[in-house]
Structure formats: C-alpha cells, structure tokens
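User: I would like to check the wording used for this model, term by term. Please set each value against its definition.

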Amino acid sequence: MQFMIVVQGGPYTTQASLTAWHFARAVLASGHEIYRVFFYHDGAYNGNALVSPPQDEIDLHQAWRSLGKDHSLELIVCVASALRRGMLDETEAQRYEKAASNLDPQFTISGLGQLIDGALTADRTMTFGS
C-alpha cells in the first residue's frame, strides 16, 4: 500500500509531527511505501535547518531529514505556508531579496498541486494535525 502523509503541526507545538514521523517509520518497516510527505501550515517549520532543540529532546527536523534521505522520500513544504513563516530556500530568498535561506536542502518548496497529486496517486492519505 502506498501512503501520502500530510503534517500540519509544527515540530514542538503539537504532537502531530512526532506522531506522523512514528507512523511513517511504521509504514516503511511494514513494507509499505510513502509516496510523499507534505508539510502544510505550521508543519512547514519541520524543514527549518536552523532548529536546535535541547540535547534531551528529539530533533524532529533531523529525524524527518534522515528518514527522507534514507528512504528517498519527497519532503515537500507548502510554498504559501513556508513564506508566511519565513521559511525560504535559496530560490525564494533570491526572489524576495532576503539575505539568507533557512530551508534544509533535503526539503523542497512546492505548491498545493503536490498535495493534490499525492492524494490522487496514493492509496491512503493520512493527515496529522488540524
């Protein structure tokens, strides 16, 4: 079975991101596939390369980054959500004449078309957060 995962909660404001990460790991461990992970609303914060949690807390940004890299997963951050929250990749930083970018290169900024495509392509879409 192929899953699309939508994460709408920030990494340290709700349990949505952590629960979605655990779910994604369980899906992969069970031999299923993940078509795409789409970070929407506050979920965009999961792609922030500058997050530095205390040493005794899980680094959810790094957890998603590693999962994406290890399993060749698409980690898509909604462009509108990202821009509203100051999350920029190199291209967006140049477009808006900002001094720096802060989106981890393992994550990709894209539009809602990726969300719709994923929902149409995957067998199941699981949403975490509200």
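User: Where is Glu97 found?

Analyst: Glu97 is found in the loop between α4 (90-95) and β4 (108-110); helices (H or I, at least four residues) and strands (E, at least two) are DSSP runs numbered from the N terminus. This is a predicted model, in which local features need pLDDT of at least 70 and side-chain atom pairs pLDDT 80 or more, while totals for chains, interfaces and linings use all residues. Residues are numbered from 1 along each chain as its sequence is written, and side-chain values use heavy atoms, without hydrogens or water.

User: Why is Glu97 called exposed?

Analyst: Its relative accessible area is 74%. Exposed means over 50%, buried under 20% and partly exposed in between, with a 1.4 Å probe and protein chains only. Glu97 therefore counts as exposed. Its phi is near 55°, a positive value in a residue other than glycine.

User: What makes Ser72 exposed, and where does Ser72 lie?

Analyst: Ser72 has 68% relative accessibility, so it counts as exposed. It lies in the loop between α2 (60-71) and β3 (75-78). Ser72 is not a glycine, yet its phi is positive, at about 50°.

User: How do you know whether Gln2 is buried or exposed?

Analyst: The relative accessible area of Gln2 is 18%, so Gln2 is buried. The residue belongs to strand β1 (residues 2-7). Leaving aside neighbours within four places in sequence, Gln2 is in contact (heavy atoms within 4.5 Å) with Glu33, Tyr35, Thr121, Ala122, Asp123 and Arg124.

User: Why are α1 and α2 called roughly parallel?

Analyst: The axes of α1 (residues 16-29) and α2 come within 10 Å and cross at roughly 25°. Axes are lines fitted to C-alpha atoms, for helices over the stretch in contact, and angles run from 0 to 180 degrees between N-to-C directions. Angles under 35 degrees count as roughly parallel, over 145 as roughly antiparallel, 65 to 115 as roughly perpendicular and the rest as oblique. The two helices are therefore roughly parallel to each other. Ser17, Leu18, Ala20, Trp21, Ala24, Arg25 and Leu28 of α1 make the contact with Leu60, Ala63, Trp64, Leu67 and His71 of α2.

User: Which strands stand at the edges of the sheet, and why?

Analyst: The open sheet has 5 strands in the order β4-β3-β2-β1-β5, with parallel pairing. β4 and β5 (124-128) each have a single partner strand, so one side of each lacks a neighbour in the sheet. From one strand to the next, the twist averages 25°.

User: What makes β3 a partner of β2 and of β4?

Analyst: Two strands pair if DSSP finds at least two bridges between them. Strand β2 (residues 33-39) and β3 have 3 bridges in the parallel sense, and β3 and β4 also pair in the parallel sense over 3 bridges. Val77 in β3 is the bridge partner of Phe39, and in β4 Ile109 is the bridge partner of Val77.

User: Which helices touch the sheet?

Analyst: α1 packs on the sheet, touching β1, β2 and β5, and its direction makes about 170° with that of β1. α5 lies across β1, β2, β3, β4 and β5, running at about 150° to β2. Leu115 is in α5 (residues 112-121) and touches Met4, Val6 and Phe38, not counting residues up to four places away in sequence.

User: Which way do the side chains of β3 point?

Analyst: Leu75 and Val77 point one way, Ile76 and Cys78 the other, and all are buried. In a regular strand the side chains alternate between the two faces of the sheet.
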